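Subject: Handover of a structure

Hello,

Here is the structure I promised to pass on. Please open it first, then read my notes below.

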Amino acid sequence: MAGALKDFIILLIDVGPEMGDVPLSVGGAGGDDHTHLESALKIAQQIVFQKIFSGSKDEVGVVLFGTADTDNHLSADGGYQNISSVWDVTTPTTELAKYLKEKVKCGPAPADFIDAIVVAIDILVKVTSNKKKVGEKKIYLFTDASSGCSDDQIKEIIEGLKSKNIDLVIIGPTLPNSETEDDRNDDNDDSVPGPSHGRRPPAPHYKKTPAQEEGERVLSLLVSEGAGRSFSFHDAMNISSFISKNAKKQTTRFAGVLEIGPQLKIPCKIFTKSMHERPATWKKLSAISQSSANPGTMAINLERSYHLQDEDETEVDLSDTIKGYRYGRSLIPVSSEDDDNMKLSASKCLSLLGFTSRNKVRQELLVGSSVQVLIANPDSEPSAVSLSAIIRALYEMDMAGIARYVFRNNASPRLCALVPHIKPNYECLFVVQLPYMEDLRQFSFASLSHPKLEPSDEQLTAVDELINNMELDDDFNTKEIKNPLFQRTFQCLEHRSLNPDDPLPPLEPALERCLNPSPALLSQCSSSVLKVKKVFPLTRIDDKNKDKTAVTNVWKKSTDINLDAKDGAEGDDNDLPSSKRSKTDETDFSIASLAKGEVNEVGTVDPVGDYKKMIQNNSDTFDKATKQLEEVIFRLIKGSLGDVMYSKAMNCIRTMRAEAIQASAPAGFNEYLKRLKEELIGTRYSSFWDEMVKESLSLITSSECDKSNVSQELSDKFLSEDVDTVAPVDNKVEEEEDEDLLAMMD
Amino acid sequence: MSDWSGAWGGGDWRDEEEDEDEQQAGPGYSATKDCLILLIDVSLGMFVKDEETKGIPFELCIKCARSVLLNKVISSEKDLVGVVFFGTNKENNPSDFKHVYILQDLDMPDAPRIKELETMLEDEGFQTFEKDYGHSNDFSLSDVFWTCSTMLSTSGAKSSHRRILLFTNNDHPHQSNPALQRQAKTKAKDLAENGIEVELMHIGSGFNVTSFYQEIVFSDDGDGTSFPDPSEKFEELLTRVRSKELKKRALQRITFSLGPDLELGVGVYCMVRETKKPSFIRLDKRTNEELKTQTKKLCEDTGSILLPTDIKYYQVLGAGGEKVIFEEEEIKELKNFGKPGFTLMGFRPKSKMKMHHYIKPANFIYPDETTVSGSTKLFSVLLRRCISREVVAVCKYIPRNNSPPIFVALVPQEEELDDSNIQISPPGFHVIFLPFSEDIRSLDLPDEMPKASHEQIDKAKEIIKKLSFNFQSESFENPVIQKHYRVLEALALEHEEEEEITDLTVPDAAQINKRAGKAIDEFMKAVFPDGFDPEAKITKRKASTSTAAAGAAKKAKTDEPVDVESIAKNGTLGKLTNPVLKEYLKSVGKKAAGRKQDLIDAINEHLGL
C-alpha cells in the first residue's frame, strides 16, 4: 500500500554571503525584514515540522553550499568545494529543526548551486539505492541565485534529475519565465537590487548582479526543461504554513457476509469513510519533578483506593470489595459470574432485518462516531454482481436496508442503516448507526406557530433578503477546510519546541480567516442585516444579569405563551416529566414555583434563589425577604476574600433591583443603594462600588418604573459621583441640604 | 483515548470512545425529583371479581403499583413513590386518621418495596389482607387527601411534579353523607391549588365519573368533563419500560450571530445520544456498603502526591522525540478560538447535505429569551423561511469557552403533531456537525467491479418489496441494556431467573423465508454461479501481470542466499525482513521468535557482535 512508501528529501540551502542580505521591500505585503537565509530556514523548518506532525517516516537530509569548509562525497578530486552535507538523511526530529534555526549561518564563500544540485542528487541516489519502498525523491533548493554557476553540465543534470525521478523544488527568486507572472512585480521588489560589481562584499546593492542574472537564467532553464518547479520565498512560506495531517491508513473494519435471510449471503468488506479526528491527547507530567534539579521520568502514577464513607474514611482493600449496581435505593452486589451473565453475547454478523423507505433514515437522528462504507469482496465476482443488484435496486426504489451489525464477536449489536451510494467509478452502501429506543430523548418544546408569533410582511421580506444575500457559493466547502485545532496545536508545539521560554504564539490570521464568513459575503449582506435588526427588536441580556424568572414573567405578559425560557441550565426548577408532555406548558411555571417548597430565610449559599422563592410563595414576605437580602449583600461584600464574592453580591443586587421594578416598589431599593454607597465608598470595599459603576447598576429611574422619581440623569450622576457630593435624590432631601449649606455659610 | 503515537501512526479505531463534548449531556444528571402517590381503594368492593374482566380490581392495582416501581427504579430512581390504602380497618398515618393506611411512605423505589408488593400478589385470593389491614367503608376522602398532602409536603424533596393516582371502582363513596362529600371536594381543591395533581384510575365499565369524582379531579385538559377511557392508562402503567429517563435541559445557552451586531439567543439540546449501560460501583464485600473511590496522582520520581497545579501537559514530537511541555492554562488558551456561539457563514440548499458527511450525533436548538429577548420571533421567522425555501444555515459553532470551533449545518424542522395533538417533532433546527478535511478519508476502492444487469436488479427489487417495513427506532430496544436491567432486576428481587429478553435486532429467519423465500431463491439463481459458496475462503484475485512479475522477482530475491553475517557486521540487519532473520536464526539453531529487534539482538548475540 502507498502508505508504506517513504519519501527522501534533501534540503539544499545556499548560505553564500548574499543570502544574509535583507531584501529591501518597497511597501509590499511581503515586506518583512528577514534575510533570504532566514526566510529559507523558516520554510525549511516548516517542512521538517510537517514531517514530524504528519507522523511520516520520510527521511530528510541537509546540504549547505557556500560554507567555509567542504564536506561531501564528491569533493575528493578537488571539485565541489564549499559544499557540506551537514545532516544525514534520516527521519527528522525537532533536533533538526533546532539545528536549522540555530546553527545554520551565512558562510564566506559563494558556491556553485549547480555543483550543489549534483551533490544532492548523488546523496539521494546513494541512500535510496538499497531501499525497496522509495516514494518520492525531492530536492528543495533554497537560493537567491547570486552565487554564480557554471552551466556546462546543465544538460546532464536535467537528464539526471529526470532519469532518477528526482523532483527539484526551487525556492528563491521569481524567475523571468516562471508561471507566477502576476507575482512578479511584487517579488522583484523583494529581490535585492544592487551595484553590479558588489558581489564579494556583502553590501546592499540595488541591481541584479550579472551572476544573479546568469543564475536565474539557469534556474529558469531547469524549470522550462521540466526538471524543476519554482516558488518565491513568500509563496513557499504560505504553502508550507498549513500542515497536512497524515491520512489515516485504510483498514478493513469488517470482512464477512451480508446476510439477507438464512440463505442469501454476500461476501463483503467494510471500511471507515468518515470519522472525527482530534489531535492526540495531552499527556501529563509532574511539574514537581520537572522543576527539580534532576528530573527523572517525570511520570505520574495513579493510585486508586477504596474507602468506607465513615468519619475516618477507612480504606478497604480491593480484594475486600465487590462490584455492584444501584437498583433504586438498593445496592446490588454482583459476583463476577453474575456480571458475565449481564453481558449479552453476540457473534459477528451483518444481518438484514428488512428494508425501509430512505427518508426514514434521518441524518439528524444518527448515532455513533463514523460512517462506514460497505463494498462487495473485491476478490469474488458473484458477490460484486449480487451487491451491485441490491445497491441499484435500493437506489432506484429510494429505499435503505436496516441491519443488525456486530463487527466482531461479542461486540455490542448495533442497529444500522445501509444506504445506497452510486458514483461513476464505484457503488457502495453507506453503513450508518441508528439509535435505539433508549437513545431517543423525546423532549417537547412549545409551538412556534402561535398567533402572537405571526410575522409581518416586512419581517418575512427582511429574513428572505438575508437568506438571498448570504447564499454560499460552491467554493465554500467545509470538508475542504482543515481542522483549525490541528493547525493551532501544531503551531504551538512547533513554537514551544523552538522557543521553550516564549508564551504561546498568537493565532495565525489565516487560520482565523477561514473560520469566519468571507468579507465579500459580509459586505453583500450588510444592508439586509441592518434591515433585520430594524424590524426585529432584540435586546441582549447581560450574561451576569440573567434573571430568568423575571424574564419569563415579562415574556409571559407580552405574549402570553410559555417558551421554555425557564428550564435553566442549572435545572433547579424545570420540566415536567414526559407523561405531562401532551398538555400545554402553560401551567408549568406556577406548578414549578409552587413546588419549590417553603423557604423562610435568605442564606448566603444561594441568596438569589432563596429570595425569589420567598417572594414568590408569598407576597407578604417581600419586605422581610428584601431586608434579609440586604443583610446578605453586606455580609457577602465584607466577608469576601479579595473580590471572590463580589459577583455573587452583584447578582443579589441585580435581582433585588429587578424584583423592585417588578413589584413597582423602587423606593426601598433606591434607599438601600444609597446606604450601600455610603457604607462602601472610602473603605477598603470601595472596589465593589467601582464594579457597580462599571456595571452601571444604579438607582431605579422613572423610565423603568412609574413610581420612581429619579431621572436618568440623576441615576447616572449617582454612580459617577463620590459619596460626599452625592446628588440628592428627592426634592425634600435637596431642600434640607440646601438649608444646611446656607446654615454653614452663615 | 488513544495516545500520541497511536494518533500519529494511524490505524487506531476510536469507535468506542465517548465524545468529550457529550459527557455533560450524558445520563446521571438529575436535579429534580417527581413525587407520586399511588392511592388505592381497598374497601371490600375492590376485592370482588369484575364480571367483565374476570379480574380482581385490587390485584390490578397492586400490579400497576409494582410495575410503576419497577419502571421508576430504572427510569428515574431519584423520584419518590408512595403507596397508600384507604378503606382499611387498621390505620397507619401520622394524623391517626381512621381507615387510612400508608403502606409505603414517599421514598426512592428499592428492591424491598417491590418485593413487598410481589409477596402481596403471591397471596392467592388475598387471604391475609383481611387480617393485615381489614376493610371498611367508613373512610373520609378528605382525611385521605389530607394524608397525601402531608406526605407530599413533608417529603423534603425539591420536587417539580407532584401527583396522586387514585385507584377505585366506587363512583360515589360518600353517597349518603353530603358533609363528607363537601369536605372531600374542599380538600381536593386545596390539593389542586398546591399544584398537586390528582388523576383518577377508575375501574369497571359502570363507573360514572359525573356522580362524584368529576369535582374531585381537576383536569388540566380544559373542560374537566372529558375523562379518557382508563383502560389505556392502565395499559400504560402495566407496560414495562426499562429505559433511563432524562430531563430536558439545555447543554448551553448561547448566541446565534446572523451578522455583525445581530444576535439572537438559543438553547442547545441533545435529542439523541447513545445510552450506555449504567456504570458499576464498588461495595464492601462484607457489608455491601458503598465505597468511595479515591484516585491519587503520585510523582514517580519524588513519590509526592500531586495537586492539579503540580501537573503539566506535554506531547512527544516524533518517535522518541522530545517532550514539548505546556501549562494547563496554555492548553486552554490553545483551544480558544473565540467566544461561544453560532456564527452564520451562509445558507445553502438542503439538497447539498450528504449522508456520509457525518461525524457525531446532532444537537437541537430552540430560541432562548434569557440570552437575548425577542429571539423567539426572529428564530421562528428564520425557521419558517428555511423550511419553505429548503435551505440550511451553515455556521461556525463554538459550544463553550475554550472549546475548538466546528462547522455545523442547521437543518430546519417543522413542528409535527399526532392525531391526539401530541408533539412528535418539536420546532427548531437540528445542529448537524460537518466534517473537516481530516475527517473524511479517501478510500482506495477497487473500481471496475462487475455490475448487475437489469434483470438481476429487478430480482433484487422483488426481495426489497417483500421485506419492506416501516422502520422506527422506537420499536427497537438495545438488547445490551435490556439484558443488563433484566439480570439486575432478577438479582435485586431474588427471582430465580430473569425475565426473558427478545432481541429485536436478530432477524426472524422464518418470517423472512415466509415472506421472501421465493424471491431470494430466484435472486440467488440470477446472480450466483452454481455451487457458489459465499462462506468459502476467498482467494485473492490473480494480480495483473506486471505486479505478478514483481511478486515473482521479489520472491526470487528472497530466495537468493543472503549473507546475514556480513550484513550483521555492517550493522544493517534492520534492512532485512523478518522471515530472512528468522530463517537465519533457525539455520543456526537459535530460537526465532519475537519482534524484529529481538531477532536482530539474537543474531548479534549469536555472532558475538
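How many helices and strands does the secondary structure of chain B come to? Chain B has 16 helices and 19 strands. Chain A has 23 helices and 19 strands. Helices (H or I, at least four residues) and strands (E, at least two) are DSSP runs, numbered from the N terminus.

Some ground rules. This is a predicted model, in which local features need pLDDT of at least 70, side-chain atom pairs count only at pLDDT 80 or more, and totals for chains, interfaces and linings use all residues. Residues are numbered from 1 along each chain as its sequence is written, while chains are lettered from A and ligands numbered from 1 in the order in which they are written.

**The two chains**

Of the 746 residues of chain A, 42% count as buried. In chain B, buried residues make up 40% of 609. A residue is buried if 20 or more other C-beta atoms lie within 10 Å of its own, exposed if 12 or fewer, and partly exposed in between; C-beta atoms are placed from the backbone.

Next, contacts: two residues are in contact if their C-beta atoms, placed from the backbone, lie within 7 Å. Take the contacts between residues at least 6 apart in sequence. In chain A, 67% of them join residues at least 24 apart. In chain B, the figure is 69%.

**Where the chains meet**

The contact takes 204 residues from chain A and 208 residues from chain B. On the chain B side, α9(B) gives the most, with 10 residues. By class, that side has 102 nonpolar, 47 polar and 59 charged residues. Here Ala, Val, Leu, Ile, Met, Phe, Trp, Tyr, Cys and Pro count as nonpolar, Asp, Glu, Lys and Arg as charged, and the others, Gly among them, as polar.

Strand β12 (residues 321–327) of chain A runs antiparallel to strand β8 (residues 281–284) of chain B, joined by 4 bridges. Ile322(A) has Leu283(B) as its bridge partner in β8(B). Two strands pair if DSSP finds at least two bridges between them.

An open sheet of 3 strands also draws on both chains, in the order β11(A)-β10(A)-β9(B), with antiparallel pairing. Its edge strands, β11 (315–316) of chain A and β9 (292–299) of chain B, each pair on one side only. Strand β10 (residues 300–307) of chain A and β11(A) share 2 bridges. There, Tyr306(A) is partnered by Val316(A) in β11(A).

**Parallel strands in chain A**

Strand β1 (residues 6–14) of chain A pairs with strand β4 (residues 134–142) of chain A in the parallel sense, over 7 bridges. Ile10(A) stands opposite Ile139(A) in β4(A). β4(A) also runs parallel to strand β5 (residues 166–172) of chain A, with 6 bridges. Phe142(A) has Ile171(A) as its bridge partner in β5(A).

**Two helices worth a look**

Start with α11(A). Its buried residues are Gln459(A), Ala462(A), Val463(A) and Leu466(A). The arc is that of the directions from the helix axis to the C-beta atoms. What covers these residues includes α14 (519–535) of chain A, together with β6 (252–259) and α9 (375–389) of chain B.

Now α16(B). Helix α16 (residues 596–607) of chain B has 12 residues and should span 16 Å at 1.5 Å a residue; its end C-alpha atoms are 17 Å apart, which agrees. The expected span is 1.5 Å times one less than the number of residues. Leu599(B), Ala602(B) and Ile603(B) are the buried residues of α16(B). They cover an arc of only 95° around the axis, which puts them on the same side of α16(B). The face turned away from that side carries the exposed residues Gln597(B) and Glu605(B). The buried residues of α16(B) pack against α14 (564–570) and α15 (578–587) of chain B. Gly608(B) follows α16(B), with a positive phi near 70°.

**The core**

The largest nonpolar core has 124 residues, and Val432(A), Val408(B) and Val431(B) touch the most other members. Helix α10 (residues 381–397) of chain A gives the most to this core, with 8 residues. A nonpolar core is a set of buried Ala, Val, Leu, Ile, Met, Phe, Trp, Tyr and Cys residues joined through C-beta atoms within 7 Å.

Best wishes
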